[in-house]
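I set out to record what I looked up on one helix and on several charged pairs. The entries follow the order in which I consulted the model.

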Amino acid sequence: MKRIAVIGAGKWGSALAFALGENGENDVVITSRHSRDVPNFVDLETALQREYLVMAIPAQQVGAWLKEHFRYNDQKVLVAAKGIEAQSGRFLNEIFAPYVPDQNIAFLSGPSFAAEVIQGLPTALVVSSTDAQTAMGFAEAFPEFIRTYTDDDIAGAEVCGSYKNVIAIAAGICAGLKLGNNAAAALISRGLIEMRRFGLSYGARDETFLGLSGAGDLFLTASSVLSRNYRVGLGLAEGKAKEQIVEDLGEVAEGIGTAYALHGIAQRSGVYLPIATEVYEILEGKAPRESLNDLLTR
C-alpha cells in the first residue's frame with residue numbers, strides 16, 4: 001500500500017489524485033492552499049506525512065511554496081508541473097534541489113490532458129529520475145489505463161515539458177490567424193527542432209525529443225483547444241492582452257512564464273530561440289500576424 005498525497009488541487013492535481021486512486025493498492029489524499037470540494041481532501045500538515053508526494057503546484061509558484069511550506073521527511077517526490085521559473089530561469093529540478101535529494105525525486109512528463117485522465121481514457125507517461133527505484137515506485141503507482149515508462153533523462157523531461165507549452169502558444173496564434181494546416185505543421189515541426197537544440201545544450205538525450213516527453217506531448221499540446229497554452233495563442237490572435245487571457249482562462253497557462261524564462265536565457269547566453277522569442281514579443285505587444293510572418297519567412 002502506497003500512502004500518496006497530491007499537493008495542488010487544480011485540474012491536473014485532481015486528475016492525478018483520481019488516477020492514482022484508481023490503483024487499489026494506493027491510499028491517496030489531496031491538499032491545496034484553499035479548501036476544495038474534492039474527495040479525500042486533507043490539510044497540508046497531514047499530507048506532508050505521506051511517504052509519496054505528487055507536486056502539482058504551478059511552476060511559477062513552486063519556489064515560494066517550498067520556502068514557506070515544505071518540510072522534508074525522507075519523502076519520495078514526483079514533480080508533475082512543467083515549466084521554467086520566469087524571473088530566474090531555473091528549471092524545477094534546480095528549484096527542488098535544496099529541499100529533496102536527487103535519489104528521492106522524479107519528474108512526470110508525456111502527453112496528458114487532465115480532462116481525459118479524469119475520464120480514465122488511455123494515456124502514456126514517463127517518470128524520470130536518477131534513481132531507478134524511485135522512478136519505478138511512482139510508475140507502479142499508476143493504474144492500468146496509464147502506461148508508464150521510466151528513464152533517467154531529467155534534463156530532457158524538463159526541457160520538453162516546459163518548451164512545448166511555448167510552442168503550443170505559437171500554434172494557437174497560427175490557428176487563430178487562420179494561416180492553415182500547412183503553416184501549423186511547419187511551425188510545430190520547427191518547434192520540435194528548436195526545443196531539441198535547446199535541450200541538447202542542457203545535456204538532454206536526443207531520443208527523448210522523439211518520444212512521449214518530446215514529440216508526443218508537443219503534438220498533443222500544440223493541436224487542441226483542450227490545451228490551455230493553445231487557447232492563450234488563440235486569445236493573442238484576437239488581440240487580447242495576456243492579462244485578459246489569463247483571467248478568461250481561470251487557470252494557469254505555464255507557457256507564459258516559460259516564454260519569459262526562455263527570453264531571459266536567450267538574452268544571457270545568446271542561444272538562438274526564434275519561436276520562443278516571437279512568442280515573448282507577442283506577449284509583450286507585438287502584432288501576432290507580423291510575428292508569425294517573421295517566423296515563417298525566416
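I counted a residue as buried when its relative accessible area was under 20%. The model I used is predicted.

Entry 1, helix H12. I found that 12 of the 16 residues of H12 are buried, so this helix is largely enclosed by the rest of the structure. Among the buried residues I noted Glu254, His263 and Ala266. I then looked up what covers them, and the list includes helix H3 (59–69), helix H7 (154–176) and helix H13 (274–283). After H12 comes Gly270, with a positive phi near 80°.

My search of the whole structure gave 18 salt bridges. I examined Lys82 and Asp217, whose side chains meet at 2.8 Å, N to O. Lys82 lies in the loop between strand S4 and helix H4 and Asp217 in helix H9, so the pair ties together parts 135 residues apart in sequence. Both residues are buried. Asp217 also forms a salt bridge with Lys164, with the closest N and O atoms 3.7 Å apart. Lys164 is in helix H7, 53 residues from Asp217.

Glu251 lies in the loop between H11 and H12, and Arg231 in helix H10. Shared partners join Lys11, Arg228, Arg231 and Glu251 into one salt-bridge network.

Definitions and conventions:
Residues numbered from 1 in each chain as written. Predicted model: local features only at pLDDT ≥ 70, side-chain atom pairs only at ≥ 80, totals over all residues. Heavy atoms only, no water. Buried < 20%, exposed > 50% of the residue type's maximum accessible area, 1.4 Å probe, protein only. Helix = DSSP H or I, 4+ residues; strand = E, 2+ residues; numbered from the N terminus. Contact = heavy atoms within 4.5 Å. Salt bridge = Lys/Arg side-chain N within 4 Å of Asp/Glu carboxyl O.
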